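Hi,

Here is the structure we talked about. Please look through the notes below it before we meet.

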Amino acid sequence: MSSLCQLENFEYSCCRDYESKYKHVGQPYIRKDAIEKVTGQATYTFDMELPGMLHAKTLHSPYARARIVSIDTSKARALYGVKACLCGEDANTKVGLYMQDKMVFASGETRYQGEVVAAVAATTEAIAERAISLIEVEYEVLEPVLNVDQALEAKTLVHPDINTIEHIRGVFFPQPDSNIASLNTSRRGDPDKAFEDADLVVENEFSLPAVAHVPLETHVAIVEADPYTDKIRIWSSAQSPFALRQMMAAAFDVKESDIEVHIPYVGGGFGGKAGIHLEPLVALLSREAGGVPVKLRMTREQEFNYMPTRAGMRGRIKSGVTKDGRIKATKIVYDWDSGAYADYGVNVGKTAVYGGLGPYDIENASIVSNTIYTNKVFSTAYRGFGHLETLWTVERQTDILSQKLGIDPYEFRMMNMLKPGSKTISQEVITESSGSPCDCLSAVVKEIGWTGRKTQEEREREWKTGKVRGKGFAMIQKAPAMPANTATSVIMQMVGDGHVNIMMGAVDYGQGALTALAQIAAQELDIPFEMVKMIPQTNTETNPYDWNTVASKLTFMAGNAVIQASRRMVAQMKEIAGQALRCSPDVLAHADGYIYKKHTPEMRIAYKDMALGYAYPDGMGIGGPLISHGVCMADGLTNLDPKTGKGLPALAWTFGAHAVEIELDVETGNIDVLKVASAFDIGQVINERMVYSQVVGGVMQGIGSAILEGYKFSDDNVLLNPSFTDNKIPTMKDMPFEVVPIYIENPQLNGPYGARGIAEHTMISVPSAIGNALYEATGINFYRLPLTPENVMLGILSGKKDCR
Amino acid sequence: MTVAELKNDGKACAMDTAHISSARELRVVIDLVVNGERVIEEIEPNMLLLHFLRDRLKLFGAKEACGEGECGACTVLMNGYAVTSCLVLAVEANGAEILTVEGLSKGNELSILQQEFVFQDALQCGFCTPGMLMSARGLLDNNPNPTDEEIHEAMAGNLCRCTGYLQIFNAVKRAAEREREEREE
């Protein structure tokens, strides 16, 4: 215990001054899982070994599109130690999150370079790898669909069966005889007519490449598929145990209750582990091997090349503005290069039609979003999906509009921002309870010391010094992207010593949810934070349901569920205490681990004396073990109208803004991020230390997307950079010199203590802010990410003011 | 069925077993110190130090996140210096002194460095944390007064996708200060 005790007195050097009005909510407690993680004790799926476990390896297609002429696995099967070997013809299982478009193994045709063609399970990883090298595949190479332009021509269909693919109807809209997995639209007013009244119409095209999530723990799963019954037990590095259960049941056509999912600690996810990935393949291997557990772990190269990415995107935007700075009309077409399968990609496309306009009140606007199949590695959800990408388009365009109008970009944004009473493109009315994007922008602009744009003379003078600086900012808005009937739940039980144990169905894969929820429980029950124990490992057998651990919805939804469970537990204790103290529960209150009579506080009973049932002095018992539950249903949401996109998609908007100052080396094109100020209207800070960590971590991922990361493909769509050498993510050397988080607390009335989600948001719009700052520094507008030294130098050397 | 009978069976005859015998013939014995304890084990010569620690000694703290020496998650100290154990053969560690994350705390007390990782919130998912701690330990053992740049340099080989590094930097810097204070006392 001594090591735990020492942790109570420490100096925390990151914190800004933040005073919470609550005893537990808002306090910077250390995270619940910290000690296990600094001692090497935390067990991840990657670390797990089960009795009799086999190791699997996979064989991948070297071609983006090819017909599989033949597969010969006889040599692999003959290798000593090989227990199972499967390929396309052995498995007829289709999987898919929103669209059932993916086979477990490529069957007949491969659709991307990296797709799994065959797999082996053997007694050791080395034997499995050797067996893979012995499989002989003959391919007939076919012409791949290289990009969205080719895909839209529809000369070749990535999925010739697109007209019959099972999908969620009314939400996703695959287009017949095309490569469009879903076409979603939204419309408010009449933008075509409104362009006629505009003083200035500006059209631009922006784009960004696919990027990888890069969880440090690659995808890994262990599956035990009972050959005698339908039962399948899964241990997986996955974000969403219950969604996984449901999709496994659908894929194998068995009952959901036959699927058991266990989630140990998860080494990062960022959306990439939200769906169903390795589990069906490993289940098939396990069944083939007689039902013993089989483990499959992706290598880093496979993680880049086989596991899904964030989709590349092209946004074409047309804006009409008046001379005095009002945006009259906006039309946007987003084309998502979603790769070979739809996975989460169609939901990203759908999100773009309600989240892809920026936090602006534009009376005439339309968005068309095409999620497009190509012969590339497929895409999925990635932190703040549909927002970082669309806001690269919108917030660069907003900056360019203000340049052309000669209006300060801060003033221009403030003029057009959503305010109480204004409407989003899905025609949701913004209220005080929605939070304030204006407060966020004002705060970061002040923090960064924005005094207006530089003149061209100032830029030229600075250029001669070899280093030029620029400040820029950009807005953020995001609501959880979720079905209208999303639900979560928690179970709370009291232990004999007065501790409470809380089980939830969601997963804490580093974001700190366990700690935040424990603080809410401690606040509600009024017991020490240390007396709330969160059960860290989730499994579908004992833990209550949660839809998905995604979308920055956990603190909001599970927080509300914890409040409900806590209040129900207090009510139970008041019932029992009322009997014991011979009074009505109405005259009782709770504080500091006791139920007491409001008028005579010395008449009280400790929680722990009721935890397992209360015993009178003569031994007679009443009550019973204290156990309660809480649920949260996303109330008030609706599906969107297929044509207009009208509806209520947003449980809670979190608005925010980043402002950055950068320094560009004019001879190398290298960008140093000097300072980032980030403000978010999060309603209420639950844990200051962890909010700050989210801000710093998200900003850094945003910097990665801005200046470093991106998939590069060859002329025949072979991925050229599936390693950290060629596909760099930020290191400690890329750290901004200063990150200033600013918490705006306009409470959301239905949030826990007024809180909104803050996780994905911190990454969104970092590229936009850096792009805007790069214009300030150079006078050059960049339209494509990433802003690598190479791309920036090519832009500078081209001598153009617009680098498209 | 006996082995002799199996060997006469056409199917079993076709079984490819060459890899089993060749691996066994080449085994070597290594003798080293891991976290202060002597370890003597017979291993295959192509075994990596990382796999030796994890698979043989069941020390699961060091992680494999790239297997190519690019991410630092498998970092341990070998004779006092940080190495990526996925690029070191176990036979190279013969006679060496190895320290892993499991050897950092003293009894049931977290070391100052571990405490600072906790205090500064220098971890989220925790998968890179053992490697981060060992790179930091290697730095502070060889350079107890590092400058900010020296911390950046020493830690730049360890990738983290969650934290954005700032809290890790703060933790290393603060641990250096506290270790200095402790030495002076």
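A polar contact here is a pair of N or O atoms within 3.5 Å; within protein, one must be able to donate a hydrogen and the other to accept it, and residues adjacent in sequence count only if both atoms are side-chain atoms. By that rule, 31 residue pairs are in polar contact between chain A and chain B, both residues at pLDDT 80 or more.

This is a predicted model, in which local features need pLDDT of at least 70 and side-chain atom pairs count only at pLDDT 80 or more, while totals for chains, interfaces and linings use all residues. Residues are numbered from 1 along each chain as its sequence is written, chains are lettered from A and ligands numbered from 1 in the order in which they are written, and side-chain values use heavy atoms, with hydrogens and water left out.

**Chain A against chain B**

Contact (heavy atoms within 4.5 Å) joins 65 residues of chain A to 57 residues of chain B. The buried area is about 5300 Å², with 60% from carbon and sulfur atoms. Buried area means the accessible area (1.4 Å probe) that two parts lose on being put together, summed over both. A:Val38, A:Leu216 and A:Met732 supply 15% of what chain A buries there, more than any other three residues.

Seven salt bridges cross this interface. The rule is a side-chain nitrogen of Lys or Arg within 4 Å of a carboxyl oxygen of Asp or Glu. B:Arg54 forms a salt bridge with A:Asp47, with the closest N and O atoms 2.8 Å apart.

Which helix of chain A gives the most to the side that touches chain B? Helix 17 does, with nine residues. Helices (H or I, at least four residues) and strands (E, at least two) are DSSP runs, numbered from the N terminus.

**Inside chain A**

Chain A has domain 1 (47-142 + 219-297), domain 2 (312-425 + 436-482 + 638-803) and domain 3 (487-633). The bounds come from an automatic or database domain assignment.

The C-alpha centres of domains 1 and 3 lie 41 Å apart. A:Gln239, A:Phe242 and A:Tyr265 supply 39% of domain 1's share, more than any other three residues.

Between domains 1 and 3 there are zero salt bridges. Six residue pairs are in polar contact there, both residues at pLDDT 80 or more.

Best wishes
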